[in-house]
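Colleague: Please put the assembly up. I would like to go through its chain contacts and its confidence.

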4 protein chains.
Amino acid sequence: MRFLRWPVVSDSQAEIDRIAFFSDAVFAIAITLLVVEISVPDGPIAGLATALADRGPKFFAFVLSFLVIGQFWISHHRVFRHLRRYDLGVMWLNLLYLLGVAFLPFPTALLGNYFHSALVGVFYGASLFAPSAMGALLWFYSARRGFLRESPDTRQIGARALVTPAVFLVGIGLAPINIYLSVFCWIILLPLLRLLLSATAE
Amino acid sequence: MRFLRWPVVSDSQAEIDRIAFFSDAVFAIAITLLVVEISVPDGPIAGLATALADRGPKFFAFVLSFLVIGQFWISHHRVFRHLRRYDLGVMWLNLLYLLGVAFLPFPTALLGNYFHSALVGVFYGASLFAPSAMGALLWFYSARRGFLRESPDTRQIGARALVTPAVFLVGIGLAPINIYLSVFCWIILLPLLRLLLSATAE
Amino acid sequence: MRFLRWPVVSDSQAEIDRIAFFSDAVFAIAITLLVVEISVPDGPIAGLATALADRGPKFFAFVLSFLVIGQFWISHHRVFRHLRRYDLGVMWLNLLYLLGVAFLPFPTALLGNYFHSALVGVFYGASLFAPSAMGALLWFYSARRGFLRESPDTRQIGARALVTPAVFLVGIGLAPINIYLSVFCWIILLPLLRLLLSATAE
Amino acid sequence: MRFLRWPVVSDSQAEIDRIAFFSDAVFAIAITLLVVEISVPDGPIAGLATALADRGPKFFAFVLSFLVIGQFWISHHRVFRHLRRYDLGVMWLNLLYLLGVAFLPFPTALLGNYFHSALVGVFYGASLFAPSAMGALLWFYSARRGFLRESPDTRQIGARALVTPAVFLVGIGLAPINIYLSVFCWIILLPLLRLLLSATAE
């Protein structure tokens with residue numbers, strides 16, 4: 001069945017750049033839309049300090065998602081640095097990846113509204129897991145089709161592509177116990193593990 | 001009447017890239033704005049699970065529109081890969097195309113609010129038909145003016161450019177009967193037909 | 001007083017491209033945000049057809065602003081095609097131009113809400129006049145500093161750069177009489193005059 | 001401890017361009033989202049003129065933030081013009097910089113709602129200080145790692161990178177006395193000082 005192999009394969013750098021560019025734009029918009037979900041106080045001035053303090057969890061969720069999407073973007077950047085060919089499969093996997101990224105303003109706002117809910121912790125964690133798993137798929141699909149530029153750090157990036165969704169899964173498991181444990185996974189453990197992988201690979 | 005032919009024609013690749021870039025940005029923004037229309041629950045935590053479940057149709061409409069706009073973007077990408085000259089006609093057809101794309105967050109949100117309304121099904125379908133028809137127009141206008149780079153798949157892309165609005169028309173016709181039939185057309189039948197066309201053309 | 005001349009002048013094409021790119025992004029976002037201002041009906045389904053019909057002026061204002069911003073973008077495109085050097089003056093004039101463009105979603109939504117108000121007609125017209133005047137300023141400033149690439153159509157673009165704000169001014173004057181007269185100026189008369197100028201210049 | 005030095009260093013111009021591009025997109029979106037926070041009047045037409053006049057502080061805050069973000073963008077542009085290498089440190093400092101920029105629609109809307117509140121003046125000022133300090137950090141980090149292209153104006157840009165957060169700090173100090181004093185610092189004093197620095201450096 002030749003249908004199962006996407007018929008179009010292109011190795012034009014200009015077109016790969018256009019896909020990377022489109023992805024960057026989606027990242028940039030998703031990351032900048034996060035703040036729109038924080039409602040701006042407009043009540044009497046006497047209650048303003050309280051109103052701002054009440055938004056603490058929302059600010060925290062904003063910063064958290066910004067840093068996580070930032071990590072996603074850096075990883076995506078790295079994948080596309082190695083891509084020298086693509087087919088429709090790459091385009092669709094990338095689109096599904098971006099679907100996950102574009103969705104993130106919703107779970108972020110939800111986390112800001114219900115910071116201590118286990119349900120929301122799991123929902124938020126799953127929303128992070130989805131694009132990171134898709135990113136791993138994108139990497140391994142490209143590797144198997146021979147679309148990746150050979151480089152000394154190819155193996156290391158593959159390892160990292162697996163570590164990221166794994167850590168997110170652990171984070172989801174911890175959310176019902178304590179949301180701060182999940183947060184610790186997402187913004188402390190994850191960068192640390194990735195750095196370790198970088199260091200040992202050399 | 002020489003007015004009927006746009007006076008400015010340029011074959012600068014840098015300028016064609018700028019048009020493609022601007023279009024990409026509109027696609028990226030429209031696709032990322034879709035999620036903003038899903039209101040974030042903020043009621044008491046006891047009702048949260050229900051509130052999320054109630055948003056099912058909205059999530060579905062979000063994913064549906066994301067995938068359709070994704071298909072539009074891939075097609076647009078393909079058209080611009082073949083463009084080697086342009087005139088004001090190309091620019092305006094492209095702008096009208098983007099007008100349709102930029103409008104999509106509205107019908108998407110409407111579909112999420114009234115999932116089983118035949119009126120909304122038709123409205124949503126028509127909103128998808130408009131840019132796809134404009135895309136076909138853009139392709140055939142460019143072909144007739146001799147703006148397209150010769151390539152083995154030119155004919156096949158032309159066929160695909162016609163199949164897309166046709167399938168959307170069928171989808172509109174089915175919406176009053178059952179919205180899921182339309183959805184089937186838009187996200188199952190359409191990619192399938194396009195793949196078939198790709199396969200037979202080779 | 002050498003302060004009055006901006007000290008930094010650069011002729012790097014890559015940097016001019018970055019300014020053009022940033023401007024394109026602002027155009028693309030402004031043009032795509034227009035639709036967000038149209039509230040999505042969510043009342044009982046029986047009133048849906050009426051609710052959509054009531055939004056007629058909003059849809060009209062959306063399309064109108066989209067076409068006008070589209071014209072602005074095409075003009076801006078043309079200016080930057082001729083730019084081969086820039087200084088801080090160009091950067092700030094361009095930023096003020098973009099300030100006007102980024103503001104447009106507000107008057108557009110206002111026009112949608114109060115379609116037959118003379119005050120709103122004038123406000124909307126003035127909001128279109130401001131960026132078009134800034135565009136003319138940008139062109140003539142660049143011309144006087146010798147930043148423009150010589151080309152046969154330089155004079156014609158200058159003439160067009162003056163015609164656009166002039167037509168917007170006339171449109172403002174007509175708004176208190178009848179908003180449709182203004183609309184006629186903005187989307188019929190303006191493109192026509194510009195085409196005429198193109199034709200006679202050759 | 002080699003962990004403290006980021007392991008990845010790249011000198012590919014294409015990749016530096018991609019970071020600059022992503023940053024530009026965030027700037028462009030933040031600057032264009034400012035207007036969305038200004039609610040569009042939709043009450044009876046008789047109260048429209050008052051409703052618009054009441055939004056005076058919001059329009060002022062919109063223009064103010066637009067001009068400040070514009071300055072940030074011009075500075076950022078200048079930094080990236082000199083960058084010829086980067087590492088993960090540059091990427092993360094840049095992301096933190098963009099975090100500050102992406103946050104700005106919130107304090108801008110807040111300033112529009114509570115124009116004469118000292119608390120809001122300080123909050124707004126601090127929101128401007130954060131990215132400008134991060135910009136200085138980005139510059140000096142890149143300088144110390146030897147990532148900057150040598151050029152006659154390197155020292156002058158460094159001086160400017162320090163002046164900007166310093167002036168924002170002074171502006172914060174003045175906000176409790178009178179918000180207009182702060183505004184004076186941010187949009188009159190700052191550009192003036194930067195121009196002076198440019199002039200004396202030559």
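Modeller: A definition to start: two residues are in contact if their C-beta atoms, placed from the backbone, lie within 7 Å. This is a predicted model, where local features need pLDDT of at least 70, side-chain atom pairs count only at pLDDT 80 or more, and totals for chains, interfaces and linings use all residues. Residues are numbered from 1 along each chain as its sequence is written, and chains are lettered from A and ligands numbered from 1 in the order in which they are written.

Colleague: Which helix of chain B gives the most to the side that touches chain A?

Modeller: In total, 29 residues of chain B are in contact with 28 residues of chain A. Helices 1 (13-33), 2 (48-54), 3 (56-82) and 8 (179-201) of chain B each give two or more residues to that side; helices (H or I, at least four residues) and strands (E, at least two) are DSSP runs, numbered from the N terminus. With nine residues, the top contributor is helix 1 of chain B.

Colleague: How many residues on that side of chain B are nonpolar?

Modeller: Ala, Val, Leu, Ile, Met, Phe, Trp, Tyr, Cys and Pro count as nonpolar, Asp, Glu, Lys and Arg as charged, and the others, Gly among them, as polar. Four residues are polar and four charged. The nonpolar ones number 21.

Colleague: Do the copies meet through the same or different surfaces?

Modeller: Only 14% of the interface residues of chain B are also interface residues in chain A. The copies therefore meet through surfaces that are different.

Colleague: How do helix 4 of chain A and helix 3 of chain B lie to each other?

Modeller: Helix 4 (residues 88-103) of chain A packs on helix 3 of chain B at about 140°, with axes 11 Å apart. Angles under 35 degrees count as roughly parallel, over 145 as roughly antiparallel, 65 to 115 as roughly perpendicular and the rest as oblique. The two helices are therefore oblique.

Colleague: Where in chain A is confidence lowest?

Modeller: pLDDT is the predictor's confidence in each residue, from 0 to 100. Chain A has a mean of 86, and its helix 5 (residues 105-113) is highest, at 95. The lowest mean, 72, belongs to strand 1 (residues 9-10) of chain A.

Notes. Axes are lines fitted to C-alpha atoms, for helices over the stretch in contact, and angles run from 0 to 180 degrees between N-to-C directions.
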